[in-house]
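Try each task before reading its solution.

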Amino acid sequence: MFTDFKIIEGRPLTVQVKEYLKQWITKGKGRVDQKLPSTRELSTTLGISRNTLVTVYSELEEEGFIYTVHSKGSFVSRVGIASVPSWSMDWQQRLNTMAQQANEYDLMKRDLRGEKGMINFASIAPDEKLFDLSNVKRAFLDRMSLEGEILLNYGYAKGYKPLIQYLTGYMEAKGVDMEGKDILITNGFTEAYDIILSSLEVPQRHILCENPTHHTAIKISKLHGYDITGIAMDQDGVRLGEFEQALREQEFGLAYLTPSYHNPTGIVMSAEKRVEVLRLLAEHRIPLIEDGFNEELRYSGSHMAPLAAFGGEGNSIIYLGSFSKILFPGIRIGWIAADRELIDALVSVKRARNIHTSTLDQAVLYQYFHNGNFEKYLKRAKSEYKRKHELAVQYCTDYIPCKRLTGSGGLHLFMELEDGCNAREILSECYEQGVVYTAGDVFFTDGGGSNTLRLGFSRVSDDELLRGIQIIGRAVKKRMEA
């Protein structure tokens, strides 16, 4: 056991060991509740210092891959990967004529936006004060010194090869079987989702998703002529009874789900529901687009593998990833992980639209990862966002009367007010007092959600967090009294 570990020169040893043990766990080599070797024993086996293993074990426990029992040792956690039916399909049969064209689509008009000086809960972008600027500069200089002339020339539509290789390992560390699959680098989630919908010929232009769901996904889906059916959610994900009933009553061409730290509710779908949802989609042979939104921003509970990991060797799941919410949204790097033949076709669509995503941005991001900075930044950012998350939950509980408050991770909370409290009307009153948030009705597929709102806390100070929530709370109470 652990005899296949090889040290790669030039990368932090803690990162290498951590990635190796993650893959060992997610690929099922380690059984649930299996005891791991002690740090002293494993350091001897791997030929590295015990301090390195102590750090790695601590971080793996923090991320939910292992757990520790006092005086007994460390054990493998239940990471949420299970055996479910997998299937394959011929994606070439689903490509439409639009896959040969470069079409641009304008987004619908935006909601109220915060002005300078306002307390802005509408944003769910990361806090730029946490950005690791010095190491970004270092990554830029490192990569430019190695291949600066190349990076300033045209790149490849598929993406920067070292970054693709890194992301392949990144997906494997999440438990995804990348055999027969490939990756396309995109300009964030928006381009990735748009490319997919504009490239597939599906028999029914009807999408099944959660209700509420990501507003950008709703807009892009409608711009491509898709009808949308949303399924209501409980605290552990979509309501399975309604999900199954919708599949019986309506034929769907695609499903779109955000199982972890869902936008806008922040809900995490349970492992049991993940298995059942995939079983139902396999039974009805409906391909799934999985939005890997905010997966890294987990503050409590065990690690939960993405649906793409549950899919095993099948190729029916298209995974969309982005670093915009956990790293630097200005770089605009996202990716599609999917069947190799499908990716090959999507590369042509990408090339027709914008030739390629910035090679310089991709290379700098890759070097930042390669230098081991991502793990350090993520640890620091998660600590700060967790603190703000706990403050936001406490203040909302204290000052805003509501029926339900959700959000166990990520950068926002979602609130359902009492019936009759119109969040958009309350927003108008709060806006006059210098506070803005996102009215929740924009996330609903059926015109509902008038009494809901999304509260982003990542970019507000502690003082603004308290004052802003108090202002919202007073406005809600005033509306309830009226």
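This is a predicted model: local features need pLDDT of at least 70, side-chain atom pairs count only at pLDDT 80 or more; totals for chains, interfaces and linings use all residues.

**Exercise 1.** In which loop does D33 lie?

*Solution.* D33 lies in the loop between helix 1 (13-26) and helix 2 (39-46); helices (H or I, at least four residues) and strands (E, at least two) are DSSP runs, numbered from the N terminus. Next, look at the backbone: phi of D33 is near 70°, a positive value in a residue that is not glycine.

Residues are numbered from 1 along each chain as its sequence is written, and side-chain values use heavy atoms, leaving out hydrogens and water.

**Exercise 2.** Find S71 and decide whether it is buried or exposed.

*Solution.* Start in the loop between strand 1 (66-69) and strand 2 (73-76), where S71 is found. Its phi is positive, about 70°, although S71 is not a glycine. With 69% relative accessibility, S71 counts as exposed.

**Exercise 3.** Which residues does D177 touch, not counting those up to four places away in sequence?

*Solution.* First place D177 in the loop between helix 5 (161-173) and strand 4 (181-186). Then list its partners: D177 touches G312 and E313, where contact means heavy atoms within 4.5 Å. Now compare sequence with space: D177 and G314 are 137 residues apart in sequence, yet 8.8 Å apart from C-alpha to C-alpha.

**Exercise 4.** Locate the cis peptide bond from N211 to P212 and the one from N263 to P264.

*Solution.* The bond from N211 to P212 has omega near 10°, and P212 sits in the loop between strand 5 (206-211) and helix 7 (215-223). For the bond from N263 to P264, omega is near 20°; P264 is in the loop between strand 8 (254-257) and helix 9 (271-283).

**Exercise 5.** Which residues touch the most other members of the largest nonpolar core?

*Solution.* A nonpolar core is a set of buried Ala, Val, Leu, Ile, Met, Phe, Trp, Tyr and Cys residues joined through side-chain atoms within 4.5 Å. The largest has 61 residues, and F323, W335 and F374 touch the most other members. A second, separate core of 33 residues includes L184, Y193, L200 and Y226. Leaving aside neighbours within four places in sequence, the contacts of W335 include L167, Y170, I183 and Y319.

Terms used:
Buried means under 20% relative accessible area, exposed over 50%, partly exposed in between (1.4 Å probe, protein chains only).
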